[in-house]
Amino acid sequence: MTTKNDCHAIRSRMPDLLFETDLLKTRADFREHLASCPACSHEWQELQMTFALLDEWKTPEPSAYFDGKLHARLRDVIAAPPEGLLERFRSFLLFSTGRQLRPALAGALALVLAVGGGSGLVGLRQHLSGNQASSAALNDLNVLDNNAQALQQMDQLLDESGADEGAPPTT
Ligand SMILES: [Zn+2]
């Protein structure tokens with residue numbers, strides 16, 4: 001006679017037995033259970049049919065132009081000049097998840113806040129002035145400084161013009 005426990009044990013072994021036909025031949029208890037239990041027998045047949053279908057399934061072929069396109073693109077990439085440092089950095093910024101950058105950004109922000117914005121830039125520029133090799137960084141700092149001054153002047157102009165005009169004319 002069969003119990004629910006038997007059925008559970010038998011069904012849990014079915015996936016393994018599907019792939020090991022030798023094991024199936026030597027497993028007399030398995031075959032006897034299937035012969036006496038219609039439910040498990042049905043389950044076993046369905047499993048076999050499912051896997052037979054999977055065997056027939058064919059991977060779709062790629063399009064006829066796939067290889068040609070791939071090789072053309074590979075040739076382009078190989079023929080292209082090696083990327084400069086700036087380009088690689090740009091790619092890194094574009095395609096990285098940013099996870100690696102976050103600590104660096106947080107650190108940079110903390111540094112800027114700690115140094116105190118403009119005064120920190122001036123100090124850094126004075127420090128860099130003694131070093132000719134860092135002229136690119138110096139230029140960047142000059143641009144930042146000029147931008148800050150321009151913004152400040154614009155703010156002042158807006159304040160003054162706002163005070164002179166008073167309330168905007170209503171028509
Ligand atoms: Zn059973």
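The chain averages a pLDDT of 76, and 74% of its residues score at least 70, pLDDT being the predictor's confidence in each residue on a scale from 0 to 100. This is a predicted model, in which local features need pLDDT of at least 70 and side-chain atom pairs count only at pLDDT 80 or more, while totals for chains, interfaces and linings use all residues. Residues are numbered from 1 along each chain as its sequence is written.

The chain holds 9 helices and 0 strands (DSSP runs numbered from the N terminus, helices being H or I of at least four residues and strands E of at least two).

Helix H1 (residues 4-19) and helix H4 (residues 38-56) have axes that come within 11 Å and cross at roughly 20 degrees, the axes being lines fitted to C-alpha atoms over the stretch in contact and the angles running from 0 to 180 degrees between N-to-C directions. The two helices are therefore roughly parallel to each other, a term for angles under 35 degrees. Cys7, Ile10, Arg11, Met14 and Leu18 of H1 make the contact with Ala39, Cys40, Glu43, Trp44, Leu47, Gln48 and Phe51 of H4, where contact requires C-beta atoms, placed from the backbone, to lie within 7 Å.

How values were computed: Parallel < 35°, antiparallel > 145°, perpendicular 65-115°, else oblique. Contact = placed C-beta atoms within 7 Å.
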